Amino acid sequence: MHLDHQKSRAASRDTLPLCTKSLFHMSNLTTLFGENCSYMATHINSYFKSYAAADEEMDRDPYSEESGSTLKKHTSLFQGLLNPFGIQSLFGCYLGRASTSPTTVDLTLDRAAERRQLAEDRTRVLLGKLEKARARSSISSCIEELNAHLILNPACKSIVWQEKSTTHVLKHRRLFWMDEKLQAALRETLALIGYVDPLKGWGIRVLSIDGGGTRGVVPLQILKELEAQTGKRVYQLFDYVCGVSTEECEEMYRRFGSDVFRQNPLIGTVKMGWTHSYYNTETWEMILKEKIGDHLLVRTARDERSPKVSAVSAVVNWGTSPKPFIFRNYNHCPGCLSRYAGGSGYQLWQAVRASSAAPGYFQEFPLYNDIHQDGGIILNNPCALAVHESQLLWPNQPFQCVLSLGTGRYDNARRGPATSTSLRAKISNLISSATDTEGVHSLLADLLEPNVYFRFNPMLSAEVSLDESRPGALKQLQGDTKQYLERNEPKLKLLCGVLGEERTTLWKTRDWISEKAWQLQQRWA
């Protein structure tokens, strides 16, 4: 028994990733000095940091504001030098040898496995209580307790599916249809485990909104016209929305110009050099907390009218290049893996703050050991991301409508000198190519049918910056958008007709039969 335990621990050590020799080969040092310097810095930090910080992510409380706004603190170099295992591991790996201090690593892995097992056992206990509950009050209490547990341990959603408890949740939703409070809690449970209801239309209806700062009044103007012509609200027209509601955005854009995007040039220049942000980030966070509050993103799933919603940021401390991160009000079911990282256990204001942390405008946003910046630096047009996410939610379903809204574009018709371009022009071209939105549009226009994919991106009469605060410029944006919609009125009417097509009675009957068959299969399995 003891010998088997030692073998298993040795096997687990063998599977640990080892530092490769190629990172510190002398040929690399002579040609890629800057890159190897970065590797060495990361390597040293990884060995001199506190191992206790590895468990901080598992202990985080999504309701705690302080835990989400600071990065974890590493031990100092002096404290690391006092640890003999750290020095031995550092130089042992540098010389190409395996780490000779596996004890601390094994303890960390054992603690993580123990925490995971405890969370899974706790999930099974809560599911057992839910199955035995009969009174409405006890069922409601069990559901709320299960929701809180799944928010802290999202990986435990697989246990809910393994234990066939999804059928119990659906049964309670069917039996207690008059209890609105219980229905709201059950909707949150289904969102946490990755269960989705059938579509309201004959296919998937997607809305994607580009990033653009105060130029966001352009898509808001289009959405208002869309609501006026269809007689329905945005949440009734779409199943998946990559953005936030029009009421919140309109109020925030108004506050943008009056409170946030007003700065003394001297103070802004000093702040740019000191904090890398021209504007007051604290003021922006105060507006977000005042307007949105500390509600969790997944809590929006309690509203029956709420579609699936996401916001995109860019995490800049994962490797050498920024990586997309999706703040969701849903989870994917086990087995449906998204190519984008993300989560649903974050507060609403944190999602908006992270997705609006434009470099140079606001400070980057530290959130649970990750550093977030505006998602526009890598996905300024998130339509392809929205298509990917919605396909995972509703597999084997066709797209009824994919609407992509831009924030306006401006192109100077004057031809520049044929000799050379200035440094300012080179930097401007680099930024424009990084935040380009028309590339994704061209790709989707080729892949999707013309009566399925729609793109509205008005041509502006004058260039408007992301931090524009003059009332006249905002009125100009609204005027340009109005003229654009008048010129494209047939296209807008076609869009309204496509969005208005409801799911037929035959399709609803098929959905009902499929759900009943699935429930019987779960019961007999």
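**Figure 1. The second largest pocket of the predicted model holds about 1100 Å³ of space.** A pocket is defined on a 1 Å grid over the protein atoms alone as an open set of points where a 1.4 Å probe fits, with protein on both sides within 12 Å along at least five of seven lines; lining residues have an atom within 4 Å of a point. Grid points are joined across faces, edges and corners, and the volume is the space filled by probe spheres set on the points. The lining comprises 36 residues, and those closest to the pocket centre are Arg 173, Asp 197, Pro 198, Lys 200 and Glu 304. Helix 9 (166–175), helix 10 (180–193) and helix 23 (505–524) are the elements that each give two or more residues to this lining, with the largest share, six residues, coming from helix 23. Helices (H or I, at least four residues) and strands (E, at least two) are DSSP runs, numbered from the N terminus. Residues are numbered from 1 along each chain as its sequence is written, side-chain values use heavy atoms without hydrogens or water, and, this being a predicted model, local features need pLDDT of at least 70 and side-chain atom pairs pLDDT 80 or more, whereas totals for chains, interfaces and linings use all residues.

**Figure 2. The second largest pocket lies between two domains.** Domain 1 (110–195) and domain 2 (204–262 + 276–411 + 434–513) both contribute lining residues, so the pocket is placed between them. The domain bounds come from an automatic or database domain assignment. By residue class, the lining divides into 18 charged, 14 nonpolar and four polar residues. Here Ala, Val, Leu, Ile, Met, Phe, Trp, Tyr, Cys and Pro count as nonpolar, Asp, Glu, Lys and Arg as charged, and the others, Gly among them, as polar.

Figure 3. Leaving aside residues up to four places away in sequence, Asn 331 touches Pro 154, Lys 157, Ala 191, Leu 192, Gly 194 and Ser 344 (contact, heavy atoms within 4.5 Å). Asn 331 and Val 298 are separated by 33 residues in sequence and by 8.8 Å in space, C-alpha to C-alpha.

**Figure 4. Tyr 368 and Asn 396 are non-glycine residues with positive phi.** Tyr 368, with phi near 50 degrees, occupies the loop between strand 6 (365–367) and strand 7 (370–374). Tyr 368 is buried, at 4% relative accessible area. Asn 396 has a phi of about 65 degrees and belongs to the loop between helix 18 and strand 8 (399–405). In contrast to Tyr 368, which is buried, Asn 396 is exposed, with a relative accessible area of 82%.

**Figure 5. Helix 18 (residues 383–393) is mostly covered.** Nine of the 11 residues in this helix are buried, among them Cys 383, His 388, Glu 389 and Leu 393.

**Figure 6. Gly 376 is a buried residue of helix 17 (residues 376–379).** The relative accessibility of Gly 376 is 9%. Gly 376 and Thr 437 are 61 residues apart in sequence, and their C-alpha atoms are 9.4 Å apart in space.

Technical notes: Buried < 20%, exposed > 50% of the residue type's maximum accessible area, 1.4 Å probe, protein only.
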